[in-house]
Amino acid sequence: MNSSSSTTRNLLNFSGGPGALAESVLQQVKASIESVPGIGLSILGISHRSKWFTDLVLDTEERIRSLLSLSKDYHVLFLQGGATQQFSTVAMAFSHLSKHPAEYLDTGYWSSKSIEGANQGLAQSELQRSNLDLKVTWSGRETGYSKLPSNSELELSAHAPYFHYVSNETVEGLQFKEIVGLDSVPRICDMSSDFLSAPIDANRFSLIYAHAQKNLGPAGVTVVVIKDELLKLVRPGIPAFLDYRTHAQAHSNFNTPPVFAIYVVNLITKWLMQEVGGLAEMQEINLEKAQCLYDLIDHSENFYKSTVSKANRSTMNVTFRLPSPELEQAFIIKSESMGFSGLGGHRSVGGIRASLYNGVTLNAVRELTQFMSDFRANI
Ligand SMILES: *Cc1c(COP(=O)(O)O)cnc(C)c1O
């Protein structure tokens, strides 16, 4: 392998997002810029009203449905605005469902953003009277977002209009290993950074959202999985573009959708089904990758130090520190000179973060652990 070639450098991409995508998919994407097989047009210039594209959307919906074993009463939508738009849309659409506040977990950087966004959504829709403010039922802020609550320690209301949490805290490297919340309250989850990385009991969620750029494709499209029962309850009067019903009725072709991004998501779902073999197989690979890196960290005599509680360590984002900020800086510079990319921690926390999304190979993780042993040995 020639580590100076750009392809190889892409193979060693541990970016927090947009993340690395499978090489075989990138090859197809590359060809499609010139001409989509069987169509003869560039993917960048195919009408969203063409039969080819409307069929592609239906096929992608079906593939996500099948990967998640969704029951028939779910809609799969492809929206714009990223996860960030969902933060406020969710609050605008569903806070009116009860006189009690919606309940939120504050488990890290992204859930605190989801709370901020929800508050803006409430203010916008004039729902932010005291009884409709949202409620943060658990917060890890004071403990530096180093652990997650277990379901049994949460005190949740059965009267909340909905319950919201983030399944994988991308910045801190924390991941829930169980589904939390009450089954009697609509469960809404931001799965942006671990969607389709492992099997989940998706039918226990009323709404799941995940933008594409970590596990599923390029930035520009956000997948929303919504139960029909909840879809019917969207607050009347919400702008059409923010109304999930608009996009459900139009099969995500209300206005011009991000054709290219949806095409890549389609290729990724095919890759997951046909090349990887499904989500159970994807999970096995992801667990092995994470294990490989955490083992090295745990056996480094505290040279590399994980910052989060062991029980909640993420399989997607492995965060760790070195003994000093200077060593961290040296680590990042050296890693880049060796062809690695994206290892700097999120700008809000610093340190090191290796993101092991679906597209990152086990071999790449092995190269990283080798680099980390060598770095430590040569200090
Ligand atoms: C990256 C990330 C976001 C930000 O999403 P945008 O698409 O940039 O709005 C939100 N939530 C989680 C969990 C993330 O990892």
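# Briefing: helices, voids and backbone features of a predicted model

Helix α2 runs over residues 23-34, and its end C-alpha atoms lie 18 Å apart, which agrees with the 16 Å that its 12 residues should span at 1.5 Å a residue. The expected span is 1.5 Å times one less than the number of residues; helices (H or I, at least four residues) and strands (E, at least two) are DSSP runs, numbered from the N terminus. The model is predicted, so local features need pLDDT of at least 70 and side-chain atom pairs count only at pLDDT 80 or more, while totals for chains, interfaces and linings use all residues. Residues are numbered from 1 along each chain as its sequence is written, and side-chain values use heavy atoms, with hydrogens and water left out.

- The residues V25, V29 and S32 of α2 are buried (under 20% relative accessible area, with exposed meaning over 50% and partly exposed in between, for a 1.4 Å probe and protein chains only).
- These three residues lie on the same side of α2, because they cover an arc of only 60° around the axis (the arc is that of the directions from the helix axis to the C-beta atoms).
- The exposed residues K30 and E34 are carried by the face of α2 turned away from its buried side.
- Helix α8 (259-276) is the element against which the buried residues of α2 pack.
- Helix α11 (residues 362-377) has 16 residues and reaches 23 Å from its first C-alpha to its last, close to the 22 Å expected at 1.5 Å a residue.
- In α11, the buried residues are L362, A364, V365, L368, T369, F371, M372 and F375.

**The largest pocket**

- Rolling a probe the size of a water molecule over the atoms shows where empty space is left.
- The largest pocket has a volume of about 410 Å³.
- On a 1 Å grid over the protein atoms alone, a pocket is an open set of points with protein on both sides within 12 Å along at least five of seven lines, a cavity is a set where a 1.4 Å probe fits but cannot get out, and lining residues have an atom within 4 Å of a point.
- A volume is the space filled by probe spheres set on the grid points, which are joined across faces, edges and corners.
- Of the 23 residues lining the largest pocket, Q175, F176, D194, A198 and I200 are the closest to its centre.
- Helix α9 (residues 279-298) supplies the largest share of the lining of the largest pocket, 3 residues.
- The lining of the largest pocket comprises 13 nonpolar, 6 polar and 4 charged residues (Ala, Val, Leu, Ile, Met, Phe, Trp, Tyr, Cys and Pro count as nonpolar, Asp, Glu, Lys and Arg as charged, and the others, Gly among them, as polar).

**Cavities**

- The structure holds 3 cavities of 30 Å³ or more.
- The volume of the largest cavity is about 80 Å³, and its lining consists of L79, Q80, Q85, Q86, T89, F241, L242, D243, Y244 and H247.
- Two or more residues of the lining of the largest cavity come from each of α4 (82-94) and α7 (244-249), with α4 giving the largest share, 3 residues.
- By class, 4 nonpolar, 5 polar and 1 charged residues line the largest cavity.
- The second largest cavity, with a volume of about 50 Å³, is lined by F78, L79, Q80, F241, H247, S252, N253, F254, N255 and P257.

**Backbone features in loops**

- S252, in the loop between α7 and α8, has a positive phi of about 60° although it is not a glycine.
- S252 is buried, with a relative accessible area of 2%, and is one of the residues lining the second largest cavity.
- Y145, in the loop between β3 and β4, has a phi near 50°, a positive value in a residue other than glycine.
- The relative accessible area of Y145 is 11%, so Y145 is buried.
- G17 and P18 are joined by a cis peptide bond with omega of about -10°, and P18 lies in the loop between α1 (6-11) and α2.

**Surroundings of P161**

- P161 belongs to the loop between β3 (135-139) and β4 (163-166) and is buried, with a relative accessible area of 4%.
- The C-alpha atoms of P161 and P186 are separated by 7.0 Å, although the two residues are 25 residues apart along the chain.
- Not counting residues up to four places away in sequence, P161 touches F94, S95, L97, S98, H100, P101, A102, V185 and P186 (contact means heavy atoms within 4.5 Å).
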